[in-house]
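Subject: Model handover and findings

Hello,

Here is the structure I promised to pass on. My notes follow below it.

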Amino acid sequence: MSKKINNLKDLFVEQGRELYDSSLQEEKELVAIENHVSNIELKNVINRQLNTAKDQRTRLDKAFKTINAKVEGEKNECCQAVFRKTQSLIDRSGDPRIKDAVIINSIQRLNHGKIAVLGSLASYAKEIGYPEIAFSIHETLNEEKAIDRELTDLAEKEINQKALTSMLM
């Protein structure tokens, strides 16, 4: 049975643990997904995403030490579902250009969820009296938003057009 959430700090801990787990899953899964990428620029973005995940874990480790809580313990089931769906779509996509579009979509699905959680965590940290943790989490939030914009630009300027070309052939 999961621990009861009695206050904002408990909610911070619960959500922070899920975010930590998602970064672990992300590191494992993105390395495997990268093998299916045909676009060099997309590979570079994935590498930045992996670095962001590592930085995120470092920041969360530090935050959890500050509040005297254990960071491990929660599984991020949404993240697991996104990666299962991603693998299914990759497996069913024969054209590398379609796979690149699938991968961008999947990373953005994951990032949008993380952006929502990061925003909430930063707010919770501030409210429970940890402005330094809020600042640290906000750094990760900004990194995730930057990657999301980069992926959108890449999709709109190149990947989607190439995927469309595969349809016309």
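A cut-off first: a residue counts as buried when its relative accessible area is under 20%, and as exposed when that area is over 50%. Partly exposed covers the range in between. Keep in mind that this is a predicted model.

Asp 10
Asp 10 sits in helix 1. Its relative accessible area is 15%, so Asp 10 is buried. The side chain of Asp 10 reaches the backbone nitrogen of Asn 6 at 2.9 Å. Beyond its neighbours within four places in sequence, Asp 10 contacts Lys 3, Lys 4 and Ile 5.

Cores
The largest nonpolar core holds 21 residues. Which of them touch the most other members? They are Leu 30, Leu 42, Ile 46, Ile 103, Ile 104 and Leu 151. At least two residues of this core come from each of helix 1 (8-34), helix 2 (40-66), helix 3 (77-92), helix 4 (96-127) and helix 5. Take Ile 104: neighbours within four places in sequence aside, it is in contact with Leu 42, Leu 151, Leu 154, Ala 155 and Ile 159. There is also a second, separate core of 19 residues. Ile 67, Ala 122, Ala 134 and Leu 141 are among them.

The largest pocket has a volume of about 190 Å³. Its lining consists of Gln 15, Glu 18, Leu 19, Asn 76, Cys 78, Cys 79, Val 82, Arg 109, Leu 110, Gly 113, Lys 114 and Val 117. Helix 1, helix 3 and helix 4 are the elements that give two or more residues to this lining. Which helix gives the most? Helix 4 does, with five residues. By type, the lining of the largest pocket splits into six nonpolar, three polar and three charged residues.

Two more residues
Asn 68 is found in the loop between helix 2 and helix 3. Is Asn 68 buried or exposed? Its relative accessible area is 73%, so Asn 68 is exposed. Asn 68 also has a positive phi of about 60 degrees, although it is not a glycine.

Leu 164 belongs to helix 5 (residues 131-168). With a relative accessible area of 37%, Leu 164 is partly exposed. Leu 164 and Ile 98 are 66 residues apart along the chain, and their C-alpha atoms are separated by 8.5 Å.

Best regards

Definitions and conventions. Residues are numbered from 1 along each chain as its sequence is written. This is a predicted model: local features need pLDDT of at least 70, side-chain atom pairs count only at pLDDT 80 or more; totals for chains, interfaces and linings use all residues. Side-chain values use heavy atoms; hydrogens and water are left out. Helices (H or I, at least four residues) and strands (E, at least two) are DSSP runs, numbered from the N terminus. Buried means under 20% relative accessible area, exposed over 50%, partly exposed in between (1.4 Å probe, protein chains only). A nonpolar core is a set of buried Ala, Val, Leu, Ile, Met, Phe, Trp, Tyr and Cys residues joined through side-chain atoms within 4.5 Å. Contact means heavy atoms within 4.5 Å. On a 1 Å grid over the protein atoms alone, a cavity is a set of points where a 1.4 Å probe fits but cannot get out, and a pocket is an open set with protein on both sides within 12 Å along at least five of seven lines; lining residues have an atom within 4 Å of a point. Grid points are joined across faces, edges and corners, and a volume is the space filled by probe spheres set on the points. Ala, Val, Leu, Ile, Met, Phe, Trp, Tyr, Cys and Pro count as nonpolar, Asp, Glu, Lys and Arg as charged, and the others, Gly among them, as polar. A polar contact is a pair of N or O atoms within 3.5 Å; within protein, one must be able to donate a hydrogen and the other to accept it, and residues adjacent in sequence count only if both atoms are side-chain atoms.
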